[in-house]
Amino acid sequence: MANKPAQLVERPPVVVVMGHVDHGKSTLLDFIRKSNVVASEHGGITQHVAAYEVVHPIRDPSGSNGAGRTKHITFIDTPGHAAFSAIRARGANVADIAILVVAADDGVKAQTLEALAQIREAGIPFVVAINKIDKPNANVERTQGSIMEQGVYLEKLGGDVPWTAISAKTGAGVDELLDVILLVAEIHEYKADAKAPAEGFVIETHRDQKRGLAATLVIGNGTLVGGMAVLAGRAIAPVRIMEDHLGKTLKEATFSTPISLVGFDELPGVGETFRAYKNKREAEAAREQMAPAAASAAPTAAGEGQYSMPVIVRADTTGSLEAILQETSRIGDEHGRVTVVQSGIGTISEGDVKTALAGESHAVVIGFNVRIDPVAEARARERGVRIEIFNIIYKLTENLDELLKESAPKRKVEETVGTAKIMKVFSSRKDEHVIGGAVAEGYLAKNGMLRIIRRKVLIGVAKIKNIQTNKQNVDRAEAPAEFGAQIETETTFEPAQGDTIECFATTTV
Ligand code: GDP
């Protein structure tokens, strides 16, 4: 495919919504989704596609209608721009355009500035949405003033940054906001090549209860066709179960469509780039060429046999979220770890609770300096989803550490308490044997379990029925004692002179 000439065509813009907590990011995203996305055939919108595409009629700048023509816009549906930050942290941009939401009753706040700094660093155009204009205490002029103070010069007020006054609640001005987005997109002429193999970004990941590891991908360039395979970070998925944001099966997808792809062999990190290959074999070959995985704060799948405790993290700022993700990636050991299945900024929502319920084991929802939406709280109580709120990071990690210990399945750990050598086998009858030997280290205990090893190979396991030193029954024979013991083997094998025996104790941790 690489040597085909690029055929660049217009592609829909990818938009991210940013701004201070509670200024209405989620409400705006919900309003746009509800009023512009055709409902799914199954009657509901799938929860797990953290981006959606809307169709909006084109209006030309003179205000007249664009003769029934429409254009697409892709919205990243993770308010709090977790994905945006994760991708920025890797030095790329997933979004072409940002909407900076500022509440008209509150003005510019700490996270407005944070968002603005991120937008500027990303060097992408943005549109200011002055929200909540339906509120009696909304003051658009004062809000404009607080925005201009940050060096953001608004259109019609001497500057060139487009803005609209909206109410995400009533929907007032939202159409106009979408018009402005399309105008900005037109000026920037976003192009892509439909003939190229697809590439783009991982926006969100989750475990699908029945189908396995899934990710929401936004295609930035190229086309993804059934039968191909996707390599995202080090995770591979065949393009077999591919769905759009309505849960409809897709055979093919192109830019800037958000899709849900199921069947990854490990959970890719949010913000990771992906690339499509002709088939799984080629994707695997590409993975082999990669450097070994570097440790990162991005969520990764638990290793084989490793318990993974799913958690959802909501924090008040991108800074705190990043710090929490860093810390949670350090919790646990080779037996168990915490896997962040979803993270973001802002209030704990009903969507978080639904995500928590979606996995095989319910995820714990962790909030840092955030509120819980009352509906989410009620639903969590009803369905037994645990929500914990913290305001100190180390308390949060301490608590997660404890939760991990509590919820990890109990493991049996075998500890060798003593070793010995068999010097003589006095009798062998079926599974009953009488042996004599010398304890080299530690002790052998009555009723203790033994591993019998010959030339470094384990030949069987046995139990000590009775043990004697100096012809006296004892509970333990300690090094360097010589002993005689009656043992019972679990399978049929005969211990022999020269075998090593290891006495082990099993504890549950
Ligand atoms: P986020 O933290 O930025 O995602 O904010 P949310 O979308 O969760 O909104 C925070 C609160 O403000 C919620 O109670 C919303 O119902 C409310 N809200 C959001 N937009 C508007 C609006 O345009 N008008 C009014 N009156 N309330 C709004």
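View 1. For threonine 27, an N or O atom of the side chain is 2.5 Å from an oxygen atom of the ligand. At lysine 169, a backbone N or O atom is 3.3 Å from an oxygen atom of the ligand. On its own the ligand has 570 Å² of accessible area, and the protein covers 79% of this (Shrake-Rupley method, 1.4 Å probe; for residues, only the protein chains shown count as cover). The model is predicted: local features need pLDDT of at least 70 and side-chain atom pairs count only at pLDDT 80 or more, whereas totals for chains, interfaces and linings use all residues. Residues are numbered from 1 along each chain as its sequence is written, and side-chain values use heavy atoms, with hydrogens and water left out.

**View 2. The shell around the ligand.** The ligand is surrounded by 15 residues, each with a heavy atom within 4 Å of it. The closest are Asp22, Lys25, Ser26, Thr27 and Asp134. Helix α1 (residues 25-36) supplies the largest share of the shell, three residues; helices (H or I, at least four residues) and strands (E, at least two) are DSSP runs, numbered from the N terminus.

View 3. All seven residues of strand β5 (residues 97-103) are buried, so the strand is largely enclosed by the rest of the structure; buried means under 20% relative accessible area, exposed over 50%, and partly exposed in between (1.4 Å probe, protein chains only). Ile97, Ile99, Val101 and Ala103 are buried on one side, and Ala98, Leu100 and Val102 on the other. Strand β2 (residues 14-19) runs parallel to β5 and is joined to it by five bridges; two strands pair if DSSP finds at least two bridges between them. Here valine 16 stands opposite alanine 98. Strand β6 (residues 126-131) pairs with β5 in the parallel sense over six bridges, with valine 101 opposite alanine 129.

**View 4. An open antiparallel sheet.** Seven strands, in the order β13-β12-β17-β9-β10-β16-β14, form this sheet. At its edges are β13 (235-238) and β14 (241-243), each pairing on one side only. Four bridges join β12 (residues 229-232) to β17 (residues 273-277), and valine 230 has alanine 276 as its bridge partner.

Terms used: Polar contact = N/O pair within 3.5 Å; in protein donor to acceptor, adjacent residues only side chain to side chain.
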